[in-house]
Amino acid sequence: MAGTGKSTISRTIARELAEKKRLAASFFFARGKKDISHSRMFFTTIATQLANSLPVLRTFISDAIDNNPDIFKRGLREQWNQLILNPLKNAPTQSIQLVVVIDALDECDNMQDIRLILLLLAEAKDLKTVRIKIFLTSRPEIPIFDGFRQLSGEAYQDFVLHNIPLDTVNADISTFFQQKLSPLKAKHGLGTPWPDELVVAQLVERAAGLFIYAATTLRFIEDGIDDPEEQLSLVLSATKSSLSATEHLDGIYTTVLQHSVLGKQGYQACEQLAGRFRQVVGSIAVMFNTMSARNLAQLLQIPFKIISRTLDSLRSVLNVPQNESDPVRLFHLSFRDFLQNPQRCIDSRFQVDEKERHTSLFRKCMLHISQLQENMCGLWGPGVLITEIPNDTIQKSIPPHVQYACRYWFDHWRLGNPMAVEEDIKTIRQFLEQDFLHWLEALSLIGEVSNGAHIIITLEEILFVSCNAH
């Protein structure tokens, strides 16, 4: 399956299957989101969920782990065979048909892994004991086409969202606008009819089959600082009807930013507001995990009031929860793509330099790590088990923004501009000399020691290559 809205569809299907007790397992890839941006934990996660949803598999999967204690470090093919395929083959015959839901396979960061995953999953069609179907969504990218091209026609069926007749999609979007805008008419005492059929038709035309355009437009009209009529007028004047779907989407994003972030401020104030936008929202766009607005303020070392004010003006494109402890999210990855592409984000004040943001976040992370201390949880003696330490104690001693810094400082440095800034290399050397043991202690407390080992090995390789190059 491919096309806009695939993630929404896969989540809905997974939820309905779970309610019917037919969901065997699910995995949702997301580019740039650490453990779900690659395939290293894909089959192990599926195996764990299979053991929970189908108890008859537990013994077989457990035996596979006992016989292969390092299976989590092995290749995808061996993980598939040992943890999933063989247990399914050896399990008693089951009458119910189960479904595995895999969302956004194109978001996996390794093209060869994508092709291999498709080949391995296709082997499920030959199972005799347990009937498993795979529901997989993806954009129509080359690795996906290549992977399916190697499969026999009986192994899969495809359904392309873009092949749904545009008239059908437009009818749904028209209904969406009419139903969602109608309550605003009574709330604001607008005239009847509002919006009229011609305006709805113009909105549908600009949406060009993209529900994300319709949803963003609606949020902008609902949450704007002006009344709905003025907000709607801004939307209709943002682009010409002859533009492509992507250009219309870029147009609404530009309108939202110019109107909601800058408003009618003077030049100097606009520059300051745009800079704050790039710092705050640009960070959210490249971060490896979501966090609350308050934790984000702590990570970036920006007063919470400023963070809150920045985010509140962008509820058309950001999911900003009322509960301050809930994470802030982008509504749609197309907004991130828009910000990072100068050809699409034509207002340079809002363009996000991905490398610059990663480098800035790396430096913030290192500042927080430098403040770690020995025995930060105040443990009563050596040899204390992690399970004996109350989680509240760990969370208080190592708050979420510090945990983020410990987990992801290296990834931000690697994706920034490593080796280019001598000051950053000096910071890493200082970390290794002064803060390394404190960092390892923090990782052990939050259960990330294995990740720390991987970081050190990769860091050593990068620094070794750099030294030889010079």
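I started with Arg 336, which is buried at 10% relative accessibility (buried is under 20% relative accessible area, exposed over 50%, partly exposed in between; 1.4 Å probe, protein chains only). Before going on, I noted that this is a predicted model, where local features need pLDDT of at least 70 and side-chain atom pairs pLDDT 80 or more, while totals for chains, interfaces and linings use all residues. Residues are numbered from 1 along each chain as its sequence is written, and side-chain values use heavy atoms, with hydrogens and water left out.

**Salt bridges**

I looked up the partner of Arg 336: a salt bridge links this residue to Asp 337, with 3.5 Å between the closest N and O atoms. My cut-off for a salt bridge is a side-chain nitrogen of Lys or Arg within 4 Å of a carboxyl oxygen of Asp or Glu. Asp 337 is partly exposed, at 31%.

Next I checked Asp 312 and Arg 315, which pair with their closest N and O atoms 2.8 Å apart. Asp 312 is partly exposed at 38%, and Arg 315 is also partly exposed, at 23%.

Then I went to Glu 422 and Arg 429, whose side chains form a salt bridge at 3.3 Å, N to O. Glu 422 is exposed at 52%; Arg 429 is partly exposed at 45%. I also found Asp 70, Arg 74 and Glu 78 joined into one network by salt bridges that share partners. My count by this rule is 13 salt bridges.

**Cores**

Which residues have the most contacts inside the largest nonpolar core? I got Leu 257, Phe 277, Ile 307, Leu 311, Phe 335, Ile 369 and Trp 409, in a core of 88 residues. I take a nonpolar core as buried Ala, Val, Leu, Ile, Met, Phe, Trp, Tyr and Cys residues joined through side-chain atoms within 4.5 Å. Helix α18 (residues 400-415) gives the most to this core, 8 residues; helices here are DSSP runs of H or I, at least four residues, numbered from the N terminus.

**Helix crossing**

Last, I looked at α9 (residues 211-223) and α10 (residues 228-238), whose axes come within 9 Å and cross at roughly 140 degrees. Axes are lines fitted to C-alpha atoms over the stretch in contact, with angles from 0 to 180 degrees between N-to-C directions. On the α9 side I listed Tyr 213, Thr 217, Phe 220 and Ile 221 as making the contact.

Note on methods. Helices (H or I, at least four residues) and strands (E, at least two) are DSSP runs, numbered from the N terminus. Contact means heavy atoms within 4.5 Å.
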